[in-house]
Each structure stands twice: as C-alpha cells, then as structure tokens.
Amino acid sequence: MVPHFLPRCLRALPRLLPMLAVVVAAWLALAGQGHADPRDWLTAEERAWVAQHPVLRVGGSASYGPFTYVDEDGRITGLSLDYARRLSELTGLRFEFQPPQTFAENLDDLASGELDVQMSMRETPERAQRFGFTRPYITVPAVLLRRAGASGDPLRPGEPVAVARGYAVAEFLRDRYATNPLQVEIDDRTVLRRLAGGEVGAAVMDLAGATYLMRRDGIGNLRVVEDIGFAYGLGIGYRRDWPMLGRILDKALTRIGDDERQAIADRWITQDTAAMRWQRRALWGGGVALALVLLGLGLTLLWNRALQRQVRLRGELLQRELGERMRLQDADRARELAEVTSRTKSEFLSQASHELRTPLNAVLGFSQLLAHDPQRPLDETQRARLRHIDEAAKHLLVLIEDMMTLSRVEANTLTVQSLPLQAGPLLRRVVELAQPAAQAAGVDLRIGLTPEEDSTLPMVQADPIRLEQVLHNLISNAIKYNRRGGWVQVRASAEPRGFRIEVVDNGIGLSVEQRAQLFQPFNRLGREEQPGHGIGLVICKQLMDRMGGRILVDSESGKGSRFTLELPAVPGVA
C-alpha cells in the first residue's frame with residue numbers, strides 16, 4: 001500500500017530540484033576555495049612578466065641527441081623538450097621550438113634577439129658576456145673517443161682531435177691540450193662519421209650525445225677511451241636583456257624534484273652495458289655505504305620535521321623580499337641562493353654533520369677494500385674510478401667541516417680567543433706545512449722574515465688556532481691559483497694601527513668583477529675547474545672580524561694578488 005504522503009512528495013520534486021542545484025553549487029564553490037593558484041610561488045611582478053611575454057622562441061637542433069633532435073616523423077624531440085613542457089606547466093610560458101639549425105647558428109640568433117631561449121647549454125665565461133644562464137639541470141661528462149682496435153689511448157702531443165663547432169669543450173681543449181690542434185666539424189654526427197671512417201684518429205664529445213648517435217646511426221666500431229676531466233653542466237641560456245626570465249626559470253627548476261629529473265634522464269640517456277653491469281657488482285660495497293648516507297640523512301630529516309617547516313617558511317619569505325630587489329647577474333645568482341641556504345640551514349647542518357661524516361668514512365673504507373682486494377683485483381680503469389670516489393668523498397668531508405665552521409660562526413657558537421702571541425714562529429710553521437703543496441705545484445714559497453727579526457715585531461693580539469687557519473687558507477689559495485715557476489711570499493711588519501701580515505703571489509690574479517664577489521658564500525668566481533667550494537675566504541673574513549682585525553685584497557688579473565691581514569698589537573708590549 002502506497003503511503004498517503006508519497007504523491008505529494010513527487011509533485012513537489014520539480015520545485016525542489018533547482019534549490020538542490022544551488023546548494024550543490026555553493027558547496028562546490030566552498031570546497032574549491034582551499035585550492036591555491038598553481039603559480040602562487042611566482043611574485044606579482046613575475047606573473048605580470050609572464051602575461052606580457054606568454055611565448056618563448058626556443059632554438060632547435062636536428063642532431064643534438066638526446067637533448068634536441070628531429071625524429072623519424074620530422075618532429076623535434078628529446079630530453080630538452082621534456083624539460084620545456086614541465087617548465088611550461090609550472091610557469092604558464094609557452095615554449096615554441098623554432099626550425100632546426102646548428103648549435104652555433106642558434107647561439108648567434110640568441111645573441112641578436114631572434115631567439116629567446118636555448119635549452120641544454122653550458123655556461124662559459126665567454127658566453128656569460130652574451131647570454132644569461134640558469135642553474136644546470138643535468139650534468140654530462142665529455143669523453144675521448146677512438147676507433148675500436150686503434151692504437152693509443154690518451155691524446156699524444158701534437159695529435160689532432162675533432163670537436164663539433166660551437167661547443168664549450170673546445171675552449172677547454174685549447175687550454176688543457178694546447179699542443180693538440182682542433183679539427184672543428186659542423187656537428188656531432190659529422191664528428192662520429194669521420195672518426196668511424198678513419199678520417200680522424202681522435203674526437204671529443206659529451207657521453208650522452210655520443211652514446212645516442214652511435215646507437216641511432218648503428219656505429220659500432222668506436223670506443224670510449226677516458227673521461228677528459230670536463231663536464232657539461234647543462235642549463236638554459238636566455239636573452240641577457242631578460243633577467244626576469246632567468247629568475248622565473250631558476251625558481252621553476254627548483255620545483256622539479258630529483259626523482260622527476262632522474263625519470264627524464266632515464267628516458268633519454270641509456271648507457272647500460274655488460275662492462276658497466278660488472279662494474280656495478282664490483283662497486284656494490286660502495287653503493288651500500290652510500291645507501292647508509294641516504295638512510296642517515298632520512299633519519300635526520302625525520303628528526304627535524306618541525307624545523308624544516310620553519311626553514312621553508314623563512315626561505316619563502318626571504319626569496320620574496322630578495323625577488324623585489326635583486327637583478328640577476330651571471331655570477332650573483334648562485335651566491336644569492338647560497339646565502340639564503342646558509343642562513344636558513346645552519347641549525348640543520350649542525351645536527352646533520354655527524355650522520356653525514358660517519359657513512360662517508362664508510363665510503364672511504366669500502367673504496368680502499370675494493371682497491372686492495374687481492375682476490376678480486378681491478379683493472380687500471382676501475383682503479384682510476386675508485387680514486388675518483390675516494391677523492392670525492394674526501395672533498396665532501398672537507399666541505400662538511402667548512403660548512404660546519406661557517407654555520408657555527410653565523411650562529412655565534414664558535415669560540416675565538418684573544419691572546420698575545422709572537423707571529424714569527426707561527427708564520428714559519430704555516431709556511432713549512434705548505435711547502436709540500438708548493439713543491440708539487442712548482443711554486444716557490446718563501447717567508448720574508450728572519451728569526452732574528454722576530455724580536456723587532458710587536459706582540460699581536462689574536463687566536464693562534466684561528467689565525468693559523470686563516471693563513472693556511474690564504475697560502476693554499478696563492479699556490480692553487482698560481483702557475484708553475486711562480487712564487488708566493490709571506491711577510492709581516494709593524495704598522496701604526498697595529499700589526500700586518502701579507503700573503504703576496506704573482507699568480508693569475510682577480511678581475512674587478514671577481515674582487516667585488518670575493519667574499520660571497522659558494523661563489524667560485526668562474527673557476528669551477530679548480531678544486532674548492534667557495535666558502536674558505538668567507539670563513540677567513542668572519543674569523544678576522546671575530547679577532548678584531550680585518551682582511552684586505554689588492555689584485556689585478558694576470559699579475560697576482562696581495563691579501564693583507566691587519567690585527568691589533570698588544571698594548572704596551574714590544
């Protein structure tokens with residue numbers, strides 16, 4: 001039996017449906033208020049720039065595989081396009097790839113303003129004068145190639161070597177292998193074909209491009225001889241008159257995580273061979289140790305979850321404040337990002353140092369076990385790679401120690417004493433410790449002070465440990481940035497304002513622009529080919545300030561440098 005109220009409900013249903021639709025729409029609107037603008041990480045000024053320049057003209061190449069090339073259907077594709085699509089999603093900019101040209105032609109068009117962007121491009125001092133650059137998003141080593149079965153491994157003096165026109169490795173080869181004439185070809189494919197056909201005996205290319213072209217063109221008679229010590233840190237080149245574009249792209253690249261970057265690289269760069277699989281098994285112990293590093297870092301991140309939130313909020317605030325004022329310059333970009341990181345991560349680094357040092361020592365231990373295992377001896381190539389692992393781990397340990405010192409200075413937790421001391425014996429001790437490095441570099445290191453002159457110098461007010469640390473850093477730099485046959489001199493003198501120590505050399509010196517950026521954290525001043533990490537001089541300046549002194553610099557490019565330490569003398573003591 002049908003209830004008596006059911007017919008009335010059915011008759012009222014048409015009038016209730018519009019009301020129900022209004023309620024559902026209101027609920028959906030309220031629910032949608034929780035979704036943020038996907039580009040809320042851009043400032044208002046940056047969003048306005050994107051609205052004014054919605055389309056970017058991007059240089060294309062027909063044969064720069066696997067980064068940019070033309071596929072079988074005549075379409076431009078490659079790793080660079082994957083990054084362009086991802087950056088387009090993040091920024092709202094549309095990347096339009098232009099008809100393919102050679103790499104050198106694309107550089108000329110970018111300089112003249114006919115192109116706005118060139119993907120997968122390495123920054124060099126010469127290019128930095130013509131273009132702006134983002135941070136690198138992928139790094140690929142350059143290798144020496146020969147025909148299989150050909151005699152000779154490393155380059156012989158005077159032997160010609162083929163390279164493609166317009167690539168940054170050419171300048172490296174002119175400096176490192178000055179006696180080897182360069183045979184410049186139009187592109188990488190021409191280089192490989194002439195090498196495979198015996199027209200040239202040696203060639204240099206990036207490993208990813210060489211692997212891709214040999215696989216695609218079926219070239220099987222070539223072999224990789226060695227890593228030449230040059231790596232393509234590939235970023236995005238853009239018009240120099242558009243610094244805002246560089247800032248937007250840099251911020252967008254930071255939002256592409258490591259997993260996503262690895263997925264893109266795995267899609268386009270395949271280097272897996274039987275020899276490399278055997279090598280992975282041989283280096284399994286090193287992989288386990290590195291896994292322990294990651295595990296320790298993960299545990300540290302869990303312990304500092306609340307701290308990470310504060311760091312992220314402070315970092316975003318600082319980035320917004322800097323974003324309104326800074327004009328991105330070529331060398332300033334890395335420094336400014338490093339300053340934000342150093343200010344916001346100091347507490348995190350102090351807690352993470354132990355967890356990082358312990359597994360790094362395990363890496364060193366496993367590499368030594370592999371190098372000296374009599375039951376599984378390694379060949380020369382594997383021993384060379386193990387040396388790279390060992391050197392990299394030791395370099396990372398030094399970097400961690402320097403970063404910890406810098407963070408302790410910034411956090412005001414580093415103890416600096418002020419004691420009266422005789423500077424002469426300390427200077428001679430530091431010079432004596434640095435003599436082996438100077439002899440290995442072919443540099444004459446001497447001290448302009450005799451033991452008899454010690455008594456004529458006043459007592460200086462300083463922390464002996466920290467002063468020795470500063471002097472060791474300055475002398476090491478003077479040796480490292482010198483030339484064979486050069487000299488370094490350390491001298492001291494009394495001054496009306498106190499006491500002066502000078503470290504003078506006739507090395508490569510510094511330009512005006514480099515001197516202006518000298519005490520910026522993590523700024524390598526364009527000398528990435530030299531070992532180091534760009535915070536040694538920052539620590540020296542901080543320590544001198546803490547000891548009541550100061551550090552002065554007088555340098556000229558190509559003519560050497562003079563670093564001067566001024567410290568107070570002990571009052572009333574000769």
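**Sheets and helix packing in the predicted model**

An open sheet of five strands, in the order 14-16-17-19-18 and with mixed pairing, is found in what is a predicted model. Strand 14 (444–447) and strand 18 stand at its edges, and because each has a single partner strand, one side of each is left without a neighbour in the sheet. From one strand to the next, the twist averages 15°.

Within this sheet, strand 16 (residues 487–495) and strand 17 run antiparallel and are joined by eight bridges, with Arg491 standing opposite Glu502 in strand 17. Helix 16 (residues 423–441) packs on the sheet, where it touches strand 14, strand 16 and strand 17, and the direction of this helix makes about 170° with that of strand 14. Helix 19 (residues 536–546) likewise packs on the sheet, touching strand 18 and strand 19, and its direction makes about 25° with that of strand 19.

Strand 19 (residues 560–567) is mostly covered, seven of its eight residues being buried. Strand 17 (residues 498–505) runs antiparallel to strand 19 and is joined to it by seven bridges; here Leu565 in strand 19 is the bridge partner of Ile501. Strand 18 (residues 550–556) is also antiparallel to strand 19, again with seven bridges, and Asp554 stands opposite Arg562 in strand 19. In the hairpin formed by strand 18 and strand 19, three residues lie between the strands, and Gly558 takes a positive phi near 85°.

A further open sheet consists of three strands in the order 2-3-4, with antiparallel pairing. Strand 2 (63–64) and strand 4 (76–77) are at the edges, each with a single partner strand, so that one side of each is left without a neighbour in the sheet. Strand 3 (residues 68–70) pairs with strand 4 in the antiparallel sense over two bridges, and Val70 stands opposite Ile76 in strand 4.

Packing between helices is illustrated by helix 7 (residues 188–196) and helix 8 (residues 207–217), whose axes come within 10 Å and cross at roughly 65°. Helix 7 is therefore roughly perpendicular to helix 8, and the crossing is right-handed. On the side of helix 7, Asp188, Arg189, Leu192 and Arg193 take part in the contact, meeting Ala210, Leu213, Met214, Arg216 and Asp217 in helix 8. By class, the contact of helix 7 with helix 8 comprises four nonpolar and five charged residues, with no polar residues.

Key: Residues are numbered from 1 along each chain as its sequence is written. This is a predicted model: local features need pLDDT of at least 70, side-chain atom pairs count only at pLDDT 80 or more; totals for chains, interfaces and linings use all residues. Side-chain values use heavy atoms; hydrogens and water are left out. Buried means under 20% relative accessible area, exposed over 50%, partly exposed in between (1.4 Å probe, protein chains only). Helices (H or I, at least four residues) and strands (E, at least two) are DSSP runs, numbered from the N terminus. Two strands pair if DSSP finds at least two bridges between them. Axes are lines fitted to C-alpha atoms, for helices over the stretch in contact, and angles run from 0 to 180 degrees between N-to-C directions. Angles under 35 degrees count as roughly parallel, over 145 as roughly antiparallel, 65 to 115 as roughly perpendicular and the rest as oblique. A crossing is left-handed if the near helix is turned anticlockwise from the far one by less than a right angle, and right-handed if clockwise. Contact means heavy atoms within 4.5 Å. Ala, Val, Leu, Ile, Met, Phe, Trp, Tyr, Cys and Pro count as nonpolar, Asp, Glu, Lys and Arg as charged, and the others, Gly among them, as polar.
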